[in-house]
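Please look through the sequence and the model below before reading on. A few questions about them are then worked through slowly.

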Amino acid sequence: MTTVLFWQKPGCGTNARQIYALEAAGHHIVAKSLLTEPWTAPDLCTFFGNTPVRSWFNPAAPRVTSGEVDPATIDAASAIALMLKDPLLIRRPLIEANNARCAGFDREPVPSLLGSSPRRELQNCARMEKAPRCAEV
């Protein structure tokens, strides 16, 4: 059993399913709010590693879907500054386990924790476009 720190958006159904999958795999989850964590730029950067800046963003974030923020045109420093002001922009969940960190449910250490690659419905926002948005807790 591994203790997994799991930063989520409270009320997000996809994050709830991800937590359930990790618990079903035998892990202890410590759920935290991505929105209220006192992030610093150096700490937040540790979740992204060498991944492209555009992949740091939550593609379902209101400011991304509206076109106000275009992840493809933003440099790393500007991305972090935006995310510190608006944590909804951060790709989630943020995970820390076994001395590794990641942003998203498709990157290590998640596949190792689950024993396989996560299914698609555990990686992306599962709400239908006509369904109500997750609560802005």
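Predicted model: local features only at pLDDT ≥ 70, side-chain atom pairs only at ≥ 80, totals over all residues.

Residues are numbered from 1 along each chain as its sequence is written, and side-chain values use heavy atoms, with hydrogens and water left out.

Reader: How far apart are the end C-alpha atoms of helix α1, and what should its 12 residues span?
Author: Helices are DSSP runs of H or I with at least four residues, numbered from the N terminus, and α1 covers residues 13-24. The expected span is 1.5 Å times one less than the number of residues, so the 12 residues of α1 should span 16 Å. The end C-alpha atoms agree with this, since they are 16 Å apart.

Reader: Which residues of α1 are buried?
Author: Buried means under 20% relative accessible area, exposed over 50% and partly exposed in between, with a 1.4 Å probe and protein chains only. By that rule Y20 and A24 are exposed on the other side of α1, whereas the buried residues are T14, N15, Q18, I19, A21 and L22.

Reader: Is N58 buried or exposed?
Author: N58 lies in the loop between α2 (41-45) and α3 (62-65). Leaving aside neighbours within four places in sequence, N58 is in contact (heavy atoms within 4.5 Å) with V64, L88, L89, I90, R91 and R92. Because its relative accessibility is 9%, N58 counts as buried.

Reader: How many disulfides does a search of the whole structure find?
Author: A disulfide is a covalent bond between the sulfur atoms of two cysteines, and it is counted here as a pair of cysteine sulfur atoms within 2.5 Å. Among the cysteines, C12 is buried at a relative accessible area of 5%, while C45 is partly exposed at 33%. The number of disulfides found in the whole structure is 0.

Reader: Which residues have the most contacts inside the largest nonpolar core?
Author: A nonpolar core is a set of buried Ala, Val, Leu, Ile, Met, Phe, Trp, Tyr and Cys residues joined through side-chain atoms within 4.5 Å. The largest has 20 residues, and helix α4 (residues 76-85) gives the most to this core, with 3 residues. Those with the most contacts inside this core are F57 and L94.

Definitions and conventions: Helix = DSSP H or I, 4+ residues; strand = E, 2+ residues; numbered from the N terminus.
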